Every structure is written in C-alpha cells, then in structure tokens.
Amino acid sequence: MTIRTRFAPSPTGFLHVGGARTALFSWLYARRHGGQFVLRIEDTDLERSTRESVNAILEGMTWLGLEYDEGPLYQTDRFDHYDAAIEKLLESGQAYRCNCSRERLDEIREEQMRNKQKPRYDGHCRDAQVSADEPHVIRFRNPDDGDVCFTDLVRGELVFSNNELDDLIIRRTDGSPTYNLTVVVDDADMEITHVIRGDDHLNNTPRQINMLRSLDLPVPEYAHVPMILGDDGARLSKRHGAVSVMQYMEDGYLPEALLNYLVRLGWSHGDQEIFSLDEMVQLFSVEGINRAASSFNTEKLNWLNQQYIKDNDPARVARLLSGHLGKRDIDPAMGPDLVAVVEAQRERATTLEELADISLFYYSDPEAYSSKASVKALKPAALKPLRMAAAQLAELDNWEREAIHAVIKSTVEKLDTGFGKVAMPLRAAVTDGAPSPELDLTLFLIGRGAVTRRIDNAIAHIEAMGEA
C-alpha cells in the first residue's frame with residue numbers, strides 16, 4: 001500500500017502556523033514512508049473563500065518548501081462527485097430532505113439547552129418525504145445505535161456512541177455540499193490512507209466514518225494533533241502576534257528554522273533540538289506526537305532562528321537580507337559586500353530584521369550622534385585621537401584590516417593613552433554606537449571614503465557642541 005496523506009486548508013485566510021504544522025506532519029509522514037502528499041483546497045464555502053487566501057496558502061507552502069505530489073486540487077471543481085455521493089445516500093435511505101425552518105431549529109436548541117441536553121437535530125424530517133421542489137437541505141441519516149470505534153494514531157482507542165451524533169446537513173439549501181460530505185468523498189477519491197489533522201476535527205471523525213461506511217468507501221487511518229497554545233496558555237490566535245506563516249518571513253525568520261521549531265512543537269526525538277529536513281524525514285513518526293497541547297514559545301523560535309542564521313551559507317543569508325535592507329531604503333550595492341557584512345554581524349541577530357537594523361550603519365552615515373555611546377564618547381577629549389587617527393588612516397596605501405589595526409595601535413601609543421580612549425570615539429564616529437564587530441573590521445567594511453567622512457562629521461559635531 002502506498003501511503004498517501006493530504007493537507008486540506010480552507011482558503012478563508014492566511015496559512016497560519018497551526019495549519020503549517022499539520023501540513024509539515026502530513027508531509028513528513030508521506031516522505032518517511034516513501035508515499036505521496038496531496039494539497040487540496042477546500043473552497044466550497046463560496047462566501048468566505050477568496051483567491052487571495054488561496055494564493056497566500058500556496059505562497060506559504062512554497063516558502064516552507066513543502067512540495068506536494070498532487071494538487072492543488074479544488075473542491076469547487078468536484079461538485080459532480082459530491083452530487084453523485086448524495087444521490088447514492090438518498091437512494092439507499094441514508095440521507096433525507098429536511099425543510100425545518102430556522103425558527104423551529106432555534107426552538108429545539110433552546111429547549112434542549114434548558115433541559116441541559118446536548119443540542120442536536122431531533123430527526124423530525126427523517127420520514128417526512130419532503131418534496132425536492134420546495135426549499136430544503138439534505139441530512140445524513142446517522143445510525144441510531146451502536147458505537148463508532150477507531151484507533152487514533154496519536155490518542156489510541158476511541159469510542160463514540162451513535163446516539164450522541166445527530167443528522168448532519170450534507171447539502172445546503174443553495175445546493176452546495178458541506179464540509180463533512182466533501183471531505184469523505186475527497187479522501188476516498190484521492191485514496192488518502194492517513195489523515196493527520198488538528199484535534200478540533202476529532203468530533204467530525206465518527207460522523208465521517210459513518211458516511212464512509214454508508215458509501216461503501218474505505219476508512220483511512222486518523223491522527224489528531226493537539227492544538228497549539230500561545231505563550232499565555234490560551235489557544236494561539238492573532239492577539240499572540242504573528243500567526244501567519246508569511247508574517248514570519250516578513251519578520252526575518254528562515255523557513256528551515258520555522259519548520260524545525262514546528263516539528264518540535266508536539267514531537268520529539270530524545271533531547272535533540274536542531275534537525276535538518278533530511279533528519280526530520282528519517283526520524284519522524286506519528287506515534288511520537290505528544291497527546292498534550294504544546295505552547296508556542298517565541299524565545300525558543302528566536303534562538304533556533306539565530307542558530308540557522310549563524311550556520312547557514314553567508315551568501316544565502318545575504319540574498320535574504322537584501323530585501324530587508326531594501327525595505328529600509330538601503331541599496332546594498334552602494335556599500336560593502338553584503339556577504340562580508342553577514343559574516344561580521346550574524347552572531348548578533350536572532351532574525352533577518354534585527355540583522356538589517358544592526359547593519360544599517362555600513363550603508364548610511366549617522367544622522368545625529370544621539371546614542372548613549374556617542375554622547376559618552378564624543379566629547380572634547382576625543383578630538384585629538386580622532387584627528388590623529390584620521391590623519392594616519394588617510395596616508396594608508398592599502399585599506400586592509402592589518403593596516404587599519406596598526407593605525408589604531410599607533411594612535412594609542414603616540415598619545416600614551418588607553419585603547420578605549422581611541423577606540424570608543426572612533427567606533428562612535430563611524431557607527432553611532434550600533435552593535436559592531438572588531439574595530440579594524442568595522443572600519444575596513446565601511447570603507448575609506450565613508451570612514452573619513454564620518455570622522456570629519458564627528459569632529460564637527462564635537463566642535464559644535466563645544467561652541468554651544
């Protein structure tokens with residue numbers, strides 16, 4: 001048997017991290033077992049589904065690198081399949097037309113709530129022979145007795161009593177099929193063997209199994225993954241910050257870092273924290289998914305992202321960083337080699353956004369020496385070391401780290417002062433206190449022309465402050 005899994009989002013919003021984790025688990029399970037992964041777009045909710053959301057889902061899957069073997073397949077292209085299944089259920093007496101008004105349904109619900117009963121449809125139209133010519137919905141006739149038993153690959157043996165399940169609507173008044181019917185038909189038609197999804201679908205599973213059996217269709221294996229909680233223990237939502245996958249891209253996370261974090265969010269392999277994609281495929285198992293909900297920890301994600309920034313190919317990080325600098329109106333071509341900047345700065349940033357922020361000084365002069373470091377360092381006592389260093393730097397034949405370091409050392413020796421008395425004003429003059437590497441490397445990367453200009457600006461700033 002070929003393992004076939006699927007990811008089936010509804011295009012009513014962006015691809016969020018909970019959906020991305022479900023997609024990842026489904027993708028890993030298929031890849032682990034040499035199977036196939038299908039992307040299905042469940043777009044039968046015509047009022048809420050949008051093309052923009054479809055594009056956002058596809059964009060998110062592409063960014064994460066979760067390539068699919070089939071798809072995207074759209075439910076709106078398959079209405080004939082759903083109609084055929086509904087007709088089969090009607091002919092076998094396992095579905096029926098219902099013309100109960102909204103008012104009647106509300107009255108039933110209110111009475112059941114008053115009696116502390118579980119709200120459910122009372123089967124009023126089961127044998128009413130409602131005409132197809134009048135407005136109606138179609139309901140699945142759920143078995144009256146017995147149990148639905150199945151082994152969930154995460155939760156183990158589960159049993160649901162049929163007398164707790166009501167007759168679900170499978171076709172709306174406008175003729176469109178509903179989720180529980182379409183998912184049953186699609187999973188069967190697409191030969192899905194393993195359904196991995198969030199545990200918010202758990203209550204749908206016994207209903208879907210009953211429909212599958214009524215249609216004489218095979219029942220797949222199910223694995224229901226616990227929800228993701230926010231840092232505060234509540235279910236992850238927009239109020240917890242970035243929950244859209246593409247927002248994480250905008251915020252400067254690497255896709256492999258997010259995948260690594262998501263796979264550890266509910267699954268583990270010993271104490272290992274960092275997994276390559278190949279390791280995930282080799283080691284992943286559904287049985288290893290935790291039953292308890294997992295809490296999203298942004299600090300942990302930031303730590304992981306920093307490891308990937310530090311260990312990644314600097315050229316790739318530079319390509320990704322370029323767009324973040326562009327958002328800040330910086331043209332990386334108008335300054336030092338971006339790969340060299342990445343190599344110098346990447347230990348200091350947890351995201352590409354942070355890396356962009358702390359690297360701005362390489363490409364633009366300080367607008368004002370207002371940082372605490374500059375206020376402390378750029379005082380009249382700094383004029384002499386700045387002027388002396390500037391004069392010696394101007395005489396260098398080659399703008400290289402070793403020569404620049406020699407100038408700094410020579411200035412310290414000639415002034416018979418401490419290294420900090422020279423280095424601190426120089427660093428403040430060229431960076432305005434931004435996090436930066438060794439001083440000689442910083443000056444080398446900024447470049448001769450910019451360094452000379454910035455030292456002159458710092459001297460003018462100090463002199464202006466003295467006159468004031």
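Student: Where do the end C-alpha atoms of residues 9-19 sit relative to each other, and how much helix and strand is there?

Tutor: Helices (H or I, at least four residues) and strands (E, at least two) are DSSP runs, numbered from the N terminus. Over residues 9-19 the chain is 27% helix and 0% strand, with 7 Å between the end C-alpha atoms. UniProt, in an unreviewed entry, places the "short sequence motif: 'HIGH' region" at these residues, 9-19; its positions are given in the numbering used here, feature names are shortened, and annotations may be inferred rather than shown by experiment.

Student: And what am I looking at overall?

Tutor: A predicted model, where local features need pLDDT of at least 70 and side-chain atom pairs count only at pLDDT 80 or more, while totals for chains, interfaces and linings use all residues. Residues are numbered from 1 along each chain as its sequence is written, and side-chain values use heavy atoms, leaving out hydrogens and water.

Student: How many salt bridges does the rule count?

Tutor: The rule asks for a side-chain nitrogen of Lys or Arg within 4 Å of a carboxyl oxygen of Asp or Glu, and the count comes to 31. One of them pairs Glu67 with Arg31 at 3.7 Å, N to O. That pair links distant parts of the chain, 36 residues apart: Glu67 is in the loop between α2 (51-64) and β3 (70-74), and Arg31 is in helix α1 (residues 17-32).

Student: Which residues does the cis peptide bond join?

Tutor: Gly71 and Pro72, with omega at about 0 degrees. Pro72 lies in strand β3.

Student: Which domains is the chain divided into?

Tutor: Bounds come from an automatic or database domain assignment. Here they give domain 1 (4-228), domain 2 (238-311), domain 3 (313-364) and domain 4 (367-467).

Student: How do I read the interface of domain 3 and domain 4?

Tutor: Interface size is often given as the accessible area lost when the parts come together. Buried area here uses a 1.4 Å probe and is summed over both parts. Domain 3 and domain 4 bury about 810 Å² between them, 69% of it on carbon and sulfur atoms. On the domain 3 side, Arg348, Phe361 and Tyr362 lose the most area to domain 4, together 59% of what that side buries.

Student: How many residues are in contact?

Tutor: With contact meaning heavy atoms within 4.5 Å, 10 residues of domain 3 touch 11 residues of domain 4.

Student: How many salt bridges cross that interface?

Tutor: The rule finds 0 between domain 3 and domain 4. Helix α12 (residues 338-345) gives the largest share of the domain 3 side touching domain 4, 3 residues.

Conventions:
Buried area is the accessible area (1.4 Å probe) that two parts lose on being put together, summed over both.
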